[in-house]
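Q: I am new to this structure. Can you show me how to read its features, one at a time?

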Amino acid sequence: MNKYSASIGIWCLDAGAVNCSPVELSSCLGAVTGGGQPSPQCCGKLREQQPCLCGYIRNPSLRPYVNSPNARKVAAACGVNIPRC
């Protein structure tokens, strides 16, 4: 992780070649907060951000969203496993 991304911390976590940014998952927000079905765009972004999920889980500000029952339903509907970190 370079000095710039370390200074940003929670917004640009490094998971290899993936740009870890929770903003990338904004298309999932409605499904996570409202319990609806995820859109194809949400599922695509969730698959893309899967290597970043442990970083999001470790972040106290993001953990409630990632570990919520609705987030788990969205992940399951998209075929994405939420890891145990």
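A: Start with burial. Buried means under 20% relative accessible area, exposed means over 50%, and partly exposed lies in between. Keep in mind that this is a predicted model.

Q: Is Glu-24 buried, exposed or partly exposed?
A: Apply the cut-offs. Glu-24 has a relative accessible area of 26%, so Glu-24 is partly exposed.

Q: Which salt bridge does Glu-24 make with its side chain?
A: First the general idea. Side chains of opposite charge can pair when their charged atoms come close. Now the case here. Glu-24 meets the side chain of Lys-45 in a salt bridge, at 2.7 Å from N to O. Lys-45 sits in helix α3 (residues 40–49), while Glu-24 sits in the loop between β2 (18–20) and α2, so the pair ties together parts that are 21 residues apart in sequence. Lys-45 is partly exposed, at 22% relative accessibility.

Q: How many salt bridges does the whole structure hold?
A: A search finds two. Glu-48 also forms a salt bridge with Lys-45, with the closest N and O atoms 3.6 Å apart. Glu-24, Lys-45 and Glu-48 are therefore linked in a network of salt bridges.

Q: How are Glu-48 and Lys-45 placed in helix α3?
A: The general idea is about turns. An α-helix has 3.6 residues a turn, so residues three or four places apart point the same way. Glu-48 and Lys-45 are three residues apart in helix α3, which separates them by about one helical turn.

Q: What else can I read from Glu-48?
A: Look beyond its neighbours within four places in sequence. There, Glu-48 is in contact with Val-18 and Glu-24. The C-alpha atoms of Glu-48 and Leu-25 are separated by 9.5 Å, and these two residues are 23 residues apart along the chain. Glu-48 is partly exposed, with 39% relative accessibility.

Q: Which residues of α6 are buried?
A: A helix can be read by its sides. In α6, the buried residues are Ala-71, Val-74, Ala-75 and Cys-78. They span an arc of only 95° around the axis, which puts them on the same side of α6. The face turned away from that buried side carries the exposed residues Pro-69, Lys-73 and Ala-76.

Q: What do the buried residues of α6 pack against?
A: They pack against α2, α3 and α5. After α6 comes Gly-79, and its phi is positive, near 75°.

Q: Where does Tyr-56 lie, and is it buried or exposed?
A: Tyr-56 lies in helix α4. Its relative accessibility is 2%, so Tyr-56 counts as buried. Its C-alpha atom is separated by 9.1 Å from that of Ser-21, a residue 35 places away along the chain.

Q: What is the volume of the largest pocket?
A: It is about 380 Å³. The lining has 17 residues, and the closest to the pocket centre are Pro-22, Leu-25, Val-32, Tyr-65 and Val-66. The elements that give two or more residues to this lining are α2 (29–34), α4 (53–58), α5 (63–66) and α6 (69–78).

Q: Which element gives the most to the lining of the largest pocket?
A: That is α6, with three residues.

Q: How do the lining residues of the largest pocket divide into nonpolar, polar and charged?
A: The lining of the largest pocket has 16 nonpolar residues, one polar and no charged.

Technical notes: Residues are numbered from 1 along each chain as its sequence is written. This is a predicted model: local features need pLDDT of at least 70, side-chain atom pairs count only at pLDDT 80 or more; totals for chains, interfaces and linings use all residues. Side-chain values use heavy atoms; hydrogens and water are left out. On a 1 Å grid over the protein atoms alone, a cavity is a set of points where a 1.4 Å probe fits but cannot get out, and a pocket is an open set with protein on both sides within 12 Å along at least five of seven lines; lining residues have an atom within 4 Å of a point. Grid points are joined across faces, edges and corners, and a volume is the space filled by probe spheres set on the points. Helices (H or I, at least four residues) and strands (E, at least two) are DSSP runs, numbered from the N terminus. Ala, Val, Leu, Ile, Met, Phe, Trp, Tyr, Cys and Pro count as nonpolar, Asp, Glu, Lys and Arg as charged, and the others, Gly among them, as polar. A salt bridge is a side-chain nitrogen of Lys or Arg within 4 Å of a carboxyl oxygen of Asp or Glu. Buried means under 20% relative accessible area, exposed over 50%, partly exposed in between (1.4 Å probe, protein chains only). The arc is that of the directions from the helix axis to the C-beta atoms. Contact means heavy atoms within 4.5 Å.
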